Amino acid sequence: VSGDNTVQAAAADSAAVIGVAGFDAVVGDSVTVFPGGVQRPVASGAIDAGARVAAAADGKISATGTNFIGTALAAAEDGVPAEIKFDH
């Protein structure tokens with residue numbers, strides 16, 4: 001969340017993550033956000049199955065950080081979608 005009814009790609013370790021964008025969009029366009037459940041954001045670095053994950057730069061997901069937002073259901077390599085069960 002970046003403002004009133006506005007979202008942007010999450011910054012590293014952001015606590016303001018509400019879900020995963022359904023597609024890329026340019027500033028000012030509407031975008032669908034899929035909250036909670038199991039989503040597949042791109043991994044930033046390797047992630048082990050069962051690892052707690054946090055937001056990484058550019059809207060990716062990482063096994064490092066302090067603002068954990070979910071748990072990896074399967075291992076993922078850097079740059080590929082990671083199967084994440086979001087906490088909310």
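Biologist: Where is D13 found?
Modeller: D13 sits in the segment before strand 1, where helices (H or I, at least four residues) and strands (E, at least two) are DSSP runs numbered from the N terminus. This is a predicted model, in which local features need pLDDT of at least 70, side-chain atom pairs count only at pLDDT 80 or more, and totals for chains, interfaces and linings use all residues. Residues are numbered from 1 along each chain as its sequence is written, and side-chain values use heavy atoms, with hydrogens and water left out.

Biologist: What is the phi of D13?
Modeller: D13 is not a glycine, yet its phi is positive, at about 60°. Most residues other than glycine have a negative phi.

Biologist: Why does D13 count as partly exposed?
Modeller: Because its relative accessible area is 23%; buried means under 20%, exposed over 50%, and partly exposed in between, with a 1.4 Å probe and protein chains only.

Biologist: And what about phi of D58?
Modeller: D58, also a residue other than glycine, has a positive phi near 65°. D58 belongs to the loop between strand 4 and strand 5, and it counts as exposed because its relative accessibility is 67%.

Biologist: Turning to S14, is it buried or exposed?
Modeller: S14 is buried, because its relative accessibility is 17%. S14 is placed in the segment before strand 1.

Biologist: What does the side chain of S14 reach?
Modeller: It reaches the backbone nitrogen of A16 at 3.0 Å. That is a polar contact, defined as a pair of N or O atoms within 3.5 Å; within protein, one must be able to donate a hydrogen and the other to accept it, and residues adjacent in sequence count only if both atoms are side-chain atoms. Beyond its neighbours within four places in sequence, S14 is in contact with A55 and N67, contact meaning heavy atoms within 4.5 Å.

Biologist: Which side chain does S62 join in a polar contact?
Modeller: The side chain of T64, at 2.8 Å. S62 lies in strand 5, residues 61-62, and counts as buried because its relative accessibility is 7%. Residues up to four places away aside, S62 touches S44, I47, R52, V53, A54 and A56.

Biologist: Which residues in the largest nonpolar core touch the most other members?
Modeller: Of its 15 residues, these are V17, I47, V53, I61, A82, I84 and F86. Two or more residues each come from strand 4 (52-55), strand 6 (68-72) and strand 7 (84-86). A nonpolar core is a set of buried Ala, Val, Leu, Ile, Met, Phe, Trp, Tyr and Cys residues joined through side-chain atoms within 4.5 Å.

Biologist: What is I84 in contact with?
Modeller: Leaving out neighbours within four places in sequence, the contacts of I84 are G37, V38, Q39, P41, V53, I61, G70, T71 and A72.

Biologist: Now G22: where does it lie?
Modeller: G22 is in the loop between strand 1 (20-21) and strand 2 (33-34). G22 counts as partly exposed because its relative accessibility is 39%.

Biologist: What does G22 touch?
Modeller: T32 and F34, not counting residues up to four places away in sequence. The C-alpha atoms of G22 and F34 are separated by 6.6 Å, although the two residues are 12 residues apart along the chain.
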